[in-house]
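Please open the model in your viewer and keep the selection panel at hand.

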Amino acid sequence: MLTEEDHRLLKLIAEDCRLTPEQLSVQTGLTPDYIRKRIIDWEKEKVIVGYQPMINWARTNEERVSALIEVRVLPQRGYGFDKIAKRIQKFPEIKALFLMSGGYDLSLLIEGKTMQEVALFVAEKLAPLEHVQSTATHFVLRRYKQDGVELMGEEETIQRLVVSP
Amino acid sequence: MNHYLASHVAGLPPSGIRKFFDLVATMKDVISLGVGEPDFVTPWTVRESGIFSLEQGQTMYTSNAGLLELREELSHHLTKTLGLCYNPLNEILVTAGASEAVDLVMRAVLNPGDVVLVPDPSYVSYAPCAILAGASVRYVPTHAKENFRLRVADLNQMYTPNAKLLVLSYPNNPTGAIMCREDLIPIAEFVTKHDLLVLADDIYSDLTYEGRHVSFASLPGMHDRTLFVSGFSKSYAMTGWRIGYVAGHSDLISGLTKIHQYTMLCAPIMGQIAALEALRSASEAKDDMVTAYDRRRRLMVHGFRQMGLDCFEPLGAFYVFPDISKTNLSSEAFAEELLREEKVAVVPGTAFGPSGEGYIRCSYAYSIEQLQEALIRISQFVERRLSKL
Ligand SMILES: Cc1ncc(COP(=O)(O)O)c(C=O)c1O
């Protein structure tokens, strides 16, 4: 369990990982030394696994498509789904991989340059894998919201008075 | 046409904030730290319930006291969060903002000649409402060295036998001071000794940063003496919905309701429905806002102390109240010159009462980026002033 202070600290880092330990110190009341040590610990414990900006690629002119793929697999005795999942995740095209409840087993998020490329990856790499029974590919047409950020939202223009009691 | 105005209205000084507002309105590119309302938009689930209420055609009057469902939920909420016990049937009145509740209390309990004791500095509307109700006001000073807590020694100094009502407003606007149980107990003894009523404006009770708010009404024997006022504006970022409430002894509440039924009839129904949703499902959104305010609070206190100014650490609300007397400027002069030279708007402490002299109120209901920019500008200004001395 995280202490309340650590919880606050981790949430702040999750919100903006550019903050320096000194800035984090001002905003949390914890000492910079404590914060530095905590971050190192979290990195070691793989609580913090990376620092990435959120990029809305649709606003660039890069070609990029993504697809969600439902995969049914045969679980293996003694390993369940883990063995096949650990194998599948090795493909760099696969950006996210989840074990799901319900009508299928694994859900994959794949990124590629073109639909063709993604379709080929599924047909040539994924579907033929041993234990994979079937796949269903759903291409993403538009991203409205990701990781809590509205990508297509209209700016809420707040009009507050400039001085009020 | 001024001569048509009633003399007690004509004699009412315009709000110190209003004067400043007019000045700011003429300028461009101003960073304002002058706002007494959250920068957050009302949580979506609350907004959505308001929209849905319109779709369902809920556009009628409610009962004078407000939707019973809302009063019931409020009653639970007050018990759960503050240990208060009010009967939703006759001890809670839903009002158009805490502002209306303050006005109702003053009008319902004050006779001409009565005196209201108001901690100084504090929110701007207590004194005018008391005066409009025919009473007069005595400011009870609070001091930075006492963390702006109200002390019985100061109350004793300002006490008069005509005193009938004491205002308590903690967490405090503009100082950010809070009163803990130990601070409130002597006040309870004081009001019992002098048989006073208390208007406890607890509107910032959810916005505290160290420990939980203790409500004066929860002290032994204080339920019947206290008119507990609060609202949704600050905790749930709902200023524009205009929903507040007042709770107290049923005799007093029925007196307040008489005025409310003739002057307001009822609080807006859409706001009441939204408020109900806020109580039921926005507590997490509220906690997130409190966490964000806390970050900003620390940033502001740090920023002012770095400039070499004394800055009391506020433990509630969303204001800092730094001491600017080192600059040898009055509060008003500081605020005006800062606005002209650095285009940062703050509110002079004197807008909140005479003891506000030597201080400015800075709201931190702004994004971290805006606050950082404002701090840079203020520190340039302060540096220039200090180097001139
Ligand atoms: C201490 C205090 N009480 C009451 C109010 C008014 O709140 P409402 O929006 O509920 O009328 C304010 C608003 O600034 C306040 O600071």
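Select α3(B) and α10(B): B:Thr45, B:Val46, B:Ser49, B:Gly50, B:Ser53 and B:Leu54 of the former meet B:Met270, B:Ile273, B:Ala274, B:Glu277, B:Ala278 and B:Ser281 of the latter, contact meaning heavy atoms within 4.5 Å. These residues comprise six nonpolar, five polar and one charged. Helices here are DSSP runs (H or I) of at least four residues and strands (E) of at least two, numbered from the N terminus.

The model is predicted: local features need pLDDT of at least 70 and side-chain atom pairs pLDDT 80 or more, whereas totals for chains, interfaces and linings use all residues. Residues are numbered from 1 along each chain as its sequence is written, chains are lettered from A in the order in which they are written, and side-chain values use heavy atoms, without hydrogens and water.

Next, display both chains. The contact draws 18 residues from chain A and 31 residues from chain B. Together the chains bury about 2000 Å², the accessible area (1.4 Å probe) lost on being put together, summed over both. Select A:Arg160, A:Val163 and A:Pro165, which supply 36% of the area that chain A buries against chain B.

Then select B:Arg295 and A:Glu15, which form a salt bridge with the closest N and O atoms 3.0 Å apart; the criterion is a side-chain nitrogen of Lys or Arg within 4 Å of a carboxyl oxygen of Asp or Glu.

Finally, turn to the open sheet of chain A, whose four strands run in the order β2-β3-β1-β4 with antiparallel pairing (at least two DSSP bridges per pair). Its edge strands are β2 (94-99) and β4 (132-139). Within the sheet, A:Ile69 stands opposite A:Leu108 in β3(A).

Notes:
Ala, Val, Leu, Ile, Met, Phe, Trp, Tyr, Cys and Pro count as nonpolar, Asp, Glu, Lys and Arg as charged, and the others, Gly among them, as polar. Buried area is the accessible area (1.4 Å probe) that two parts lose on being put together, summed over both.
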